[in-house]
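Please look through the following report with the sequence and the model side by side.

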Amino acid sequence: MKRVLLFLFCLALGGMAQAEEALKISVFSTVLAEMAERIGGEEAKVTSHIPVGADPHEFEPKPSDLKAVSGANLIFLSAKHLEGYVGKLREATGGKVRVVEVGAALPSLWTRPEAGNKAEDPHWWHSIDNVQRAVRVVREALIEARPEKRMIFVQNAEVYTAELGTLKSWARTKMAELPRDKRKLVTSHDALQYLAIDYGFTIYPVSGLSASEQPSSKAVSDLLKVIREQKVKAVFAEDTANPKVLQQITAETGAVLGGQLWVDGLGTGEAATYSGMFRHNLSTIVDALK
Ligand SMILES: [Zn+2]
């Protein structure tokens, strides 16, 4: 009888292990939400707290966000000081949920002095190399949380990394369409430094790091001069920026508006995935400048 009971007990334990709930992951970046979904697969239930198209620089967690993080197993952040509310998240979890600051493990670029105080540029996902590094950080965090699912996470990460490799090859081919002396980027929010470094662009930002900053009239007149002198063919609006200054530039220099870029996270339509967003941005830039 004892043996039968022990057998039943073991069966019950086995059943419980199988019915183990998916990891609850709270993510404060649309780019990282996709990554957590792709690497976690069916083992992860991802809540993406920042809506598509929302300005992550202005985001503040609502009570519903704080409630969700308090019940999560893991929290993923872009880091590099993008989430000024990280203290609120830690407070909501009572320090009991692991907060993974993914961007903290990646190399940093710094905002240029004219953008105000020197600070880490948080827009690391515009470098595909950084995104591949981030995949390893996310994969390791998932393995640490569920070591028994290691093989699944490793395989999913390999598939995702290979897709990023394909994207890198595509980007190299696309960039070959644009001569070096035309790689001049005028944008309304200095968010594309990581992309600029990878592909040899010089950036002429219209305003500082935040889309809500208004540039001075001297900054605007300096920029108009640069656009005329450098014969820049196009300037770019962004998902979270006010296009007023860009309109003044196009009116006074003859440069055209090159199209909308998704600089602060994933977008909609063809830009709804990381690869789609990156292809949209680089195609828009190259096609307008070449
Ligand atoms: Zn930004």
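Predicted model: local features only at pLDDT ≥ 70, side-chain atom pairs only at ≥ 80, totals over all residues.

## A pair of residues in two strands

Ile 75 stands opposite Val 99 in S4.

Residues are numbered from 1 along each chain as its sequence is written.

## The sheet

Strand S3 covers residues 74-77 and runs parallel to S4, to which 4 bridges join it. Strands count as paired if DSSP finds at least two bridges between them. Phe 76 has Val 100 in S4 as its bridge partner. S1 and S3 are also paired in the parallel sense, over 4 bridges.

Together, 4 strands make an open sheet with parallel pairing, in the order S2-S1-S3-S4. The edges are strand S2 (44-48) and strand S4 (98-101); each has a single partner strand, so one side of each is left without a neighbour in the sheet. On average, neighbouring strands of this sheet are turned by 25 degrees against each other, direction ignored.

Is S3 covered on one face or on both? Both faces are covered, with Leu 74 and Phe 76 buried on one side and Ile 75 and Leu 77 buried on the other. A residue is buried if 20 or more other C-beta atoms lie within 10 Å of its own, exposed if 12 or fewer, and partly exposed in between, with C-beta atoms placed from the backbone.

## Helices across the sheet

Helix H2 (residues 30-40) lies across strand S1 (23-28), S2 and S3, and runs at about 170 degrees to S2. Angles run from 0 to 180 degrees between N-to-C directions, and axes are lines fitted to C-alpha atoms, for helices over the stretch in contact. H2 is mostly covered, as 9 of its 11 residues are buried. Among them are Val 31, Leu 32, Met 35 and Ile 39. The buried residues of H2 pack against S1, S2, S3, H5, H6 and helix H10 (274-289). Contact here means that the C-beta atoms of two residues, placed from the backbone, lie within 7 Å. Just after H2, Gly 41 takes a positive phi of about 55 degrees.

H5 lies across S1, S3 and S4, and runs at about 170 degrees to S3.

## Two helix pairs

Two packed helices are described by the angle between their axes and the distance between the axes. For helix H5 (residues 128-145) and helix H6 (residues 150-175), the axes come within 10 Å and cross at roughly 175 degrees. H5 and H6 are therefore roughly antiparallel to each other. Angles under 35 degrees count as roughly parallel, over 145 as roughly antiparallel, 65 to 115 as roughly perpendicular and the rest as oblique. The contact of H5 with H6 has 12 nonpolar, 2 polar and 3 charged residues. In this count Ala, Val, Leu, Ile, Met, Phe, Trp, Tyr, Cys and Pro are nonpolar, Asp, Glu, Lys and Arg are charged, and the others, Gly among them, are polar.

The axes of helix H3 (residues 63-70) and helix H4 (residues 86-93) come within 8 Å and cross at roughly 55 degrees. H3 and H4 are therefore oblique to each other. Leu 66, Val 69 and Ser 70 of H3 make the contact with Lys 88, Leu 89, Ala 92 and Thr 93 of H4. By class, this contact has 4 nonpolar, 2 polar and 1 charged residues.

## Two lysines with positive phi

Most residues other than glycine have a negative phi. Lys 80 is not a glycine, yet has a positive phi of about 50 degrees. Lys 80 lies in the loop between S3 and H4, and is partly exposed, with 19 other C-beta atoms within 10 Å.

Lys 231 also has a positive phi, near 55 degrees. Lys 231 is placed in the loop between helix H8 (217-230) and strand S7 (234-238). With 12 other C-beta atoms within 10 Å, Lys 231 is exposed.

## The whole protein

The protein has 10 helices and 8 strands. Of its 290 residues, 37% are buried.
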